[in-house]
Amino acid sequence: MEHPENNPEYAGLTVNSGVEPVSAINPYLQRNRFVRRKLSVDDYVNGILAGNVTILGQAVTLVESTIPAHQQMAQEVIEKCLPYSGKSIRVGISGVPGAGKSTSIDEFGIHLLNEKGGKIAVLAIDPSSERTKGSILGDKTRMEKLAVHPKSFIRPSPAAGSLGGVARKTRETIILCEAAGFDKILVETVGVGQSETACHSMVDFFLLIQLAGTGDELQGIKRGIMEMADGIVINKCDGNNVDKCQLAATQFRNALHLFPKPESGWQPEVLTYSGFYGYGIKEVWDMVYRYIDFVKENGYFEYRRNEQAKYWMYESIKEQLHNSFFQNSTIADMLQAQEKSVLEGQKTSFVAAKQLLDAYFALIR
């Protein structure tokens with residue numbers, strides 16, 4: 001830009017043009033340096049078997065992806081890792097929100113690593129918002145010790161609208177973690193509704209965390225989740241809460257005697273502990289290992305694993321049929337019309353559903 005001061009009529013004045021502005025981008029920056037290399041199926045498998053947690057995390061992301069190409073590759077990775085899995089102890093941990101599940105898992109994990117050695121993986125299921133479909137995925141913030149331990153792997157996963165909050169791909173993730181050498185798997189559920197049923201179908205020991213002094217104790221001893229629990233522990237047994245916890249433990253023990261004996265032949269135990277202070281952690285895990293020894297001796301351990309594999313085969317069939325139905329373009333077009341007919345009172349929901357299913361079965365014949 002020419003400065004007017006350099007005009008001849010302004011004798012004695014000279015203004016230099018200045019320095020050209022320098023680009024904010026480093027000219028020596030290699031743009032392709034930060035492009036992540038695409039891994040093949042063999043790269044994933046070799047990395048997982050070598051215990052590379054970075055590749056393990058990427059493989060879990062691949063499993064959770066809804067992109068068809070990613071799903072196909074994930075199934076190939078899982079199939080190749082399957083022969084190296086099945087050698088861990090799987091423990092499901094559930095309880096009402098605020099019962100101290102994440103804090104307890106932090107103490108549980110450190111105790112296991114110090115006492116038993118090996119490696120531990122924590123699969124934490126985070127509830128997803130029904131409105132935004134997002135998840136906080138902040139369970140690591142309450143697992144301060146495990147989060148920095150070199151022998152641990154913590155993977156928060158969104159529930160993503162699956163039944164009761166258990167992530168749809170948690171079982172496949174367990175297989176990958178076992179292939180990576182993790183011999184202790186902890187699965188933390190959301191703690192709401194049907195999530196416990198799905199969690200129970202993928203673990204060897206189901207641990208239920210309860211609280212004392214939260215109101216009507218009758219609510220805590222109703223059937224349902226109590227019948228699934230292999231062990232019940234009452235958290236926050238410290239300070240002025242010790243007497244309440246001991247009383248609650250007695251009530252739970254009395255309630256368990258009224259239930260039919262579990263199929264495993266094991267009588268669930270009730271213990272108290274403090275996850276915050278670390279009291280009673282050893283007793284909890286002694287109970288877990290007593291159970292594992294008991295069911296391995298009477299053959300229920302293998303029976304339960306086989307039943308779980310069968311259960312997830314049927315669940316996969318249901319999921320594939322569900323996706324095939326709703327992803328069919330013809331059915332997608334018909335859905336709007338049938339929905340309108342139902343809303344206008346021209347058809348019942350059952351008639352509309354039957355017509356849609358009949359049309360779908362006619363298409364796939």
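This briefing describes strands, helices, salt bridges, aromatic contacts and a surface patch in the structure above. The structure is a predicted model, in which local features need pLDDT of at least 70 and side-chain atom pairs count only at pLDDT 80 or more, while totals for chains, interfaces and linings use all residues. Residues are numbered from 1 along each chain as its sequence is written, and side-chain values use heavy atoms, with hydrogens and water left out. The count of salt bridges comes to twelve, and that of aromatic pairs to 13.

- Helices (H or I, at least four residues) and strands (E, at least two) are DSSP runs, numbered from the N terminus.
- Strand 6 (residues 231-234) directs Gly 231 and Val 233 one way and Ile 232 and Ile 234 the other way, and all are buried. Buried means under 20% relative accessible area, exposed over 50%, and partly exposed in between, with a 1.4 Å probe and protein chains only.
- Strand 5 (residues 205-210) runs parallel to strand 6 and is joined to it by four bridges; two strands pair if DSSP finds at least two bridges between them. In this pairing, Leu 207 stands opposite Gly 231.
- Strand 7 (residues 269-272) also pairs with strand 6 in the parallel sense, over four bridges. Here Ile 232 stands opposite Val 270.

**Helix 6**

- Helix 6 (residues 170-179) is mostly covered, with ten of its ten residues buried. Among them are the charged residues Arg 171, Glu 172 and Glu 178.
- Gly 181 follows helix 6 and has a positive phi, near 100°.

**Salt bridges**

- A salt bridge is a side-chain nitrogen of Lys or Arg within 4 Å of a carboxyl oxygen of Asp or Glu.
- Glu 178 and Arg 90 meet through their side chains in a salt bridge of 2.8 Å, N to O. Because Glu 178 lies in helix 6 and Arg 90 in strand 1 (residues 89-95), the pair ties together parts that are 88 residues apart in sequence. Glu 178 is buried at a relative accessible area of 6%, and Arg 90 counts as buried at 6% relative accessibility.
- Asp 230 and Arg 304 form a salt bridge whose closest N and O atoms are 3.4 Å apart. Asp 230 belongs to the loop between helix 8 (225-228) and strand 6, and Arg 304 to helix 11, so this pair ties together parts that are 74 residues apart in sequence. Both Asp 230 and Arg 304 are buried.
- Glu 307 and Lys 310 form a salt bridge with the closest N and O atoms 3.4 Å apart. These two residues are separated by about one helical turn because they are three residues apart in helix 11. Glu 307 counts as partly exposed at 32% relative accessibility, and Lys 310 is partly exposed at 40%.

**Aromatic contacts**

- Rings of Phe, Tyr and Trp (its six-membered ring) pair if their centres lie within 6.5 Å; planes under 30 degrees apart count as stacked, over 60 as edge-to-face and the rest as tilted.
- Phe 276 and Tyr 277 form an edge-to-face pair, at 5.0 Å centre to centre and 85° between the planes. Phe 276 is exposed, with a relative accessible area of 63%, whereas Tyr 277 is partly exposed at 49%.
- Tyr 300 and Tyr 303 form a tilted pair, because their ring centres are 5.8 Å apart and their planes lie at 40°. Both residues are in helix 11, three residues and about one helical turn apart. Tyr 300 counts as buried at 15% relative accessibility, while Tyr 303 counts as partly exposed at 36%.
- Phe 205, Trp 266, Tyr 291 and Phe 294 are linked into a cluster by ring pairs.
- A charge sits over a ring if NZ of Lys or CZ of Arg is within 6 Å of the ring centre and within 35 degrees of the ring normal. Lys 119 lies over the face of Phe 182, at 4.4 Å from the ring centre, and Lys 296 over the face of Phe 301, at 5.0 Å.

**Surface patch**

- Met 313, Tyr 314, Ile 317 and Leu 321 form a nonpolar surface patch with about 400 Å² of accessible area together. Accessible areas come from the Shrake-Rupley method with a 1.4 Å probe, and for residues only the protein chains shown count as cover.
- Patches are made of residues with over 30% relative accessible area and no salt bridge; like charges are joined within 9 Å, and nonpolar side chains (Val, Leu, Ile, Met, Phe, Trp, Tyr) within 5 Å.
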